[in-house]
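Trainee: I have a new structure open and would like to go through it with you. Can we take it slowly?

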Amino acid sequence: MAITQAVANSFKVEILKGLHNFTATTGNAFKLALYDNEATLSKSTTAFQQTDEVANSGTYSEGGGALTSVTPVLSGDAAVCDFTDISFTSATISAQAAVIYNSSTVSGLTTNAAVCVLDFGAVKTSTAGTFTITFPAAEATAAILRIA
């Protein structure tokens with residue numbers, strides 16, 4: 001029962017093997033799943049897991065929501081990746097973490113391969129309302145994924 005924000009170690013190797021494509025519209029499909037504070041998630045997370053995922057509510061359903069990728073760019077000397085903010089409406093959710101994962105079928109890639117774990121720092125809630133994940137700016141010092 002520990003959540004540690006990190007880029008998945010398995011993803012680091014997979015990206016060097018060319019197994020993930022973040023290009024908008026033509027790349028792989030990525031999703032974001034939400035987890036309660038009982039989840040065990042860290043750099044060792046290798047794939048989406050149902051254990052401790054938050055319950056279906058409103059527009060949130062098992063496996064999470066589809067992310068809209070923004071084609072990676074350079075910010076200074078760092079390659080950065082961004083996603084459009086995602087919201088789940090009419091939802092009653094209590095979540096402390098999220099996992100971004102590749103939901104595409106890619107040869108050589110673990111099914112639903114983890115990209116990273118996001119720790120919210122505390123349980124965040126919505127009650128019959130909108131639960132939104134706001135991604136930081138796609139810049140060298142803030143992007144959700146960056147290679148410097």
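This is a predicted model: local features need pLDDT of at least 70, side-chain atom pairs count only at pLDDT 80 or more; totals for chains, interfaces and linings use all residues.

Trainee: Okay, what secondary structure does the protein have?

Mentor: The protein has 1 helix and 8 strands, and if you follow the elements from the N terminus on, they run β-α-β-β-β-β-β-β-β.

Trainee: And how does the radius of gyration fit with a compact globule?

Mentor: A compact globule of 148 residues would have a radius of gyration near 15 Å, and the protein has 15 Å, so the value agrees with that expectation. Taken along the principal axes, the C-alpha atoms fill a box of roughly 40 × 30 × 25 Å.

Trainee: How much of it counts as buried?

Mentor: Of the 148 residues, 43% count as buried. The accessible surface comes to about 7300 Å², and carbon and sulfur atoms account for 50% of that surface.

Trainee: What about contacts between residues at least 6 apart in sequence, how many join residues at least 24 apart?

Mentor: Among those contacts, 72% join residues that are at least 24 apart in the sequence.

Trainee: Switching topic: what is the volume of the largest pocket, and what lines it?

Mentor: The largest pocket has a volume of about 280 Å³, and 14 residues line it, with Phe11, Ile15, Leu145, Arg146 and Ile147 lying nearest its centre. The elements that give two or more residues to this lining are α1 (9-16), β5 (78-83) and β8 (145-147).

Trainee: Which classes of residue make up that lining?

Mentor: There are 12 nonpolar residues and 2 charged residues in the lining of the largest pocket, and no polar ones.

Trainee: What does Thr71 touch?

Mentor: Leaving aside residues up to four places away in sequence, Thr71 touches Phe22, Thr23 and Ala24. As for Leu16, which is 55 residues from Thr71 along the chain, the two C-alpha atoms are separated by 18 Å.

Trainee: And where is Thr92, and what does it touch?

Mentor: Thr92 has its place in strand β6, residues 86-102, and, again not counting residues up to four places away in sequence, it touches Ser57, Ser126, Thr127 and Ala128. Thr92 counts as partly exposed, because its relative accessibility is 47%.

Trainee: How far apart are Thr92 and Thr111?

Mentor: Thr92 and Thr111 are 19 residues apart in sequence, and from C-alpha to C-alpha they are 28 Å apart in space.

Trainee: Last topic: what is phi for Ser90 and for Asp52?

Mentor: Ser90 has a positive phi of about 50 degrees although it is not a glycine, and Asp52, also a residue other than glycine, has a positive phi near 70 degrees.

Trainee: Where do those two sit?

Mentor: Ser90 is in strand β6, whereas Asp52 is found in the loop between β2 (30-35) and β3 (65-67). Ser90 counts as exposed because its relative accessible area of 55% is over 50%, while Asp52, with a relative accessible area of 26%, is partly exposed.

How values were computed:
Residues are numbered from 1 along each chain as its sequence is written. Side-chain values use heavy atoms; hydrogens and water are left out. On a 1 Å grid over the protein atoms alone, a cavity is a set of points where a 1.4 Å probe fits but cannot get out, and a pocket is an open set with protein on both sides within 12 Å along at least five of seven lines; lining residues have an atom within 4 Å of a point. Grid points are joined across faces, edges and corners, and a volume is the space filled by probe spheres set on the points. Helices (H or I, at least four residues) and strands (E, at least two) are DSSP runs, numbered from the N terminus. Ala, Val, Leu, Ile, Met, Phe, Trp, Tyr, Cys and Pro count as nonpolar, Asp, Glu, Lys and Arg as charged, and the others, Gly among them, as polar. The radius of gyration is taken over C-alpha atoms; the globule rule is 2.2 Å times the number of residues to the power 0.38. Buried means under 20% relative accessible area, exposed over 50%, partly exposed in between (1.4 Å probe, protein chains only). Contact means heavy atoms within 4.5 Å. Accessible areas come from the Shrake-Rupley method with a 1.4 Å probe; for residues, only the protein chains shown count as cover.
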